[in-house]
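Subject: Structure handover

Hello,

Here is the structure I said I would pass on. Please open it first; my notes on what was found follow below.

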Amino acid sequence: MPADSNGTHAAGPGLRERLLRPTRLLPLIVACALFIENMDSTVISTSLPAIARDLGTEPIALKLALTTYLLSLAVFIPISGWVADRFGARRTFASAIFVFLLGSVACAASGSLGTLVAARFLQGMGGAMMVPVGRLVLLRTVPKSQLVQALSWLTIPALVGPVVGPPLGGFITTYFDWRWIFLINLPMGALGIALGLRYIPTLREPTKALDWRGFLLSGLGLATAMFGFSTLGRHLMPTWIALSALVVGIALLGGYVLHARRSAAPLLDLGLFRLATYRSGILGGSLFRIGIGAVPFLLPLMLQLGFGLSPLQSGLLTFASAAGSMFMKTMAARIIKRFGFRRVLLANAFVASAMLATYGLFRPSTPHIVVLAVLLVSGCFRSLQFTGLNAISYAEVDSARMGQASSMAAMVQQLSLSLGVAIGGYLLEAGGWLWHRADTDVHNFYIAFAAVALVSASSAWMMWKLPRDAGAEMAGRAKPGGEIAEPKPAQLPAT
């Protein structure tokens, strides 16, 4: 330890001072919101068969409980930036967590598929504000050169939820009542509210009048189209109503595009897609997320209904993906700095998609240690892709449009995950219809995983179109003159 002028050892910053740095403290607070959101999604996925039995419905019908939550996020996320600017980030963040917890209690009290779907929509209203607003705080307070590291600090604690969620949800469902899975996030949510009210900055910005016409067109369009698409599989609504809703929703979304072109301040700035990095990160990322979004729905169903495992056994396997994701978050910044965004995202799109396809090679006789290893490695590559996509999307976005960019990115991400769940369900139903067997027959899962992996792999086209130097400053590869530095492995700093 270095000595000061008096010969005594100069003490470095203590643990409290290091944690109170904005690049660490703020991500950790926002991680509380991500923790309860990720915990909730993983425990419900593990418990789907048990919930279906208790509510007297088919397991595939419960895709509505997953898609409705994601749909609610997509509907309300576009106004999250405006609400944060209008009422302050601190107040919005804390209130959003409270609404999410209220929805969790309503889920626990649900007695039918319809009430569960409604409660999940309420949860989504809270989730639509808490995570995007928290991310917006980071984007406005953390320098771009430190953004990748800050996102890693954000994601590592948040990944504890997916690691703990499947085993915990499986344990509760196997030995207790599934309703308790919605109540386990209440303590962490309360902690997030307390820390948010104390440390999250207000960050109120001057606001323009909200584009209510754009909000109605986009919100109703997304809600109606996705509800129609998700209910086509003979669940909740007759087919003709679902088809009508899908057509009306698409028409409303088309109306929004026309409205946005004529509006001086549209709710969703479609002009952001003129930025090459934003376009590739959002549109290419959407294709990747559609495939990945099907996994939380397909994998627990295959392990429990296809392989005959208990919810606890299933959870003790599926948590491995989140463990791999957590490990990769400690290395993502160094990998991206060494090879650059374009090369990492392009190659890793194929690798991560190939790993997803291997899920369809699992058999009831496959040793569990092999399943764990494949899920662990797959989680590593998936996490690397998500980290790169989340960062590159903002490489060219200026501060003035950061709120718009963040809201639209989060909206499209949730919409993609919702599509993944719905498509996964339809693939199972299509397999059952084509080969005259039960929808949840184990062979249908093999086909479904191969199909969603192809969707994820198609995202490589957008990654290939990225400029060679895309995100060079953000990755720490840009020299002062704008040239790209090719660092040697020994030059890379530890994260």
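**Helix H5 and what covers it**

In helix H5 (residues 80-87), the buried residues are Ser80, Gly81, Val83, Ala84 and Asp85. Among the elements that cover these buried residues are helix H4 (63-76), helix H6 (89-108), H7 and H19. H5 is followed by Gly88, which has a positive phi near 95°. Please keep in mind throughout that this is a predicted model.

**Helix H16**

Helix H16 (residues 332-339) has Ala332, Ala333, Ile336 and Lys337 as its buried residues. They lie on the same side of H16, because the arc they cover around the axis is only 130°. Just after H16 comes Gly340, with a positive phi of about 85°.

**Gln123 in helix H7**

Helix H7 spans residues 113-141, and Gln123 is found in it. Is Gln123 buried or exposed? Its relative accessibility is 0%, so Gln123 counts as buried; the cut-off for buried is under 20%. Leaving aside residues up to four places away in sequence, Gln123 touches Asp40, Tyr69, Phe100, Gly103, Ser104, Cys107 and Phe182.

**Salt bridges**

Side chains of opposite charge can pair when their charged atoms come close.

Asp40 and Arg120 are both buried.

Arg179 forms a salt bridge with Asp54, where the closest N and O atoms are 3.3 Å apart. Because Arg179 sits in the loop between helix H9 (160-175) and helix H10 (186-199) while Asp54 is in helix H3 (residues 48-55), the pair ties together parts that are 125 residues apart in sequence. Arg179 counts as partly exposed, at 22% relative accessibility, and Asp54 also counts as partly exposed, at 44%.

Arg179 has a salt bridge with Asp177 as well, at 4.0 Å from N to O. Asp177 has a relative accessibility of 34% and so counts as partly exposed. Through shared partners, the salt bridges join Asp54, Asp177 and Arg179 into one network.

**The second largest pocket**

The second largest pocket holds about 430 Å³ of space. It is lined by 20 residues, of which Leu270, Phe273, Met411, Val412 and Leu415 are the closest to its centre. Which elements give two or more residues to this lining? They are helix H11 (212-230), helix H12 (239-262), helix H13 (276-293) and helix H19 (402-435). H19 gives the most, with six residues. H19 is also among the elements that cover the buried residues of H5. By type, the lining of the second largest pocket divides into 15 nonpolar residues, four polar and one charged.

Best regards

Notes. Residues numbered from 1 in each chain as written. Predicted model: local features only at pLDDT ≥ 70, side-chain atom pairs only at ≥ 80, totals over all residues. Heavy atoms only, no water. 1 Å grid on protein atoms, 1.4 Å probe; cavity = no way out; pocket = protein on both sides within 12 Å on 5 of 7 lines; lining within 4 Å. Points joined across faces, edges and corners; volume = space filled by probe spheres on them. Helix = DSSP H or I, 4+ residues; strand = E, 2+ residues; numbered from the N terminus. Nonpolar A, V, L, I, M, F, W, Y, C, P; charged D, E, K, R; others polar. Buried < 20%, exposed > 50% of the residue type's maximum accessible area, 1.4 Å probe, protein only. Contact = heavy atoms within 4.5 Å. Salt bridge = Lys/Arg side-chain N within 4 Å of Asp/Glu carboxyl O. Arc of directions from axis to C-beta.
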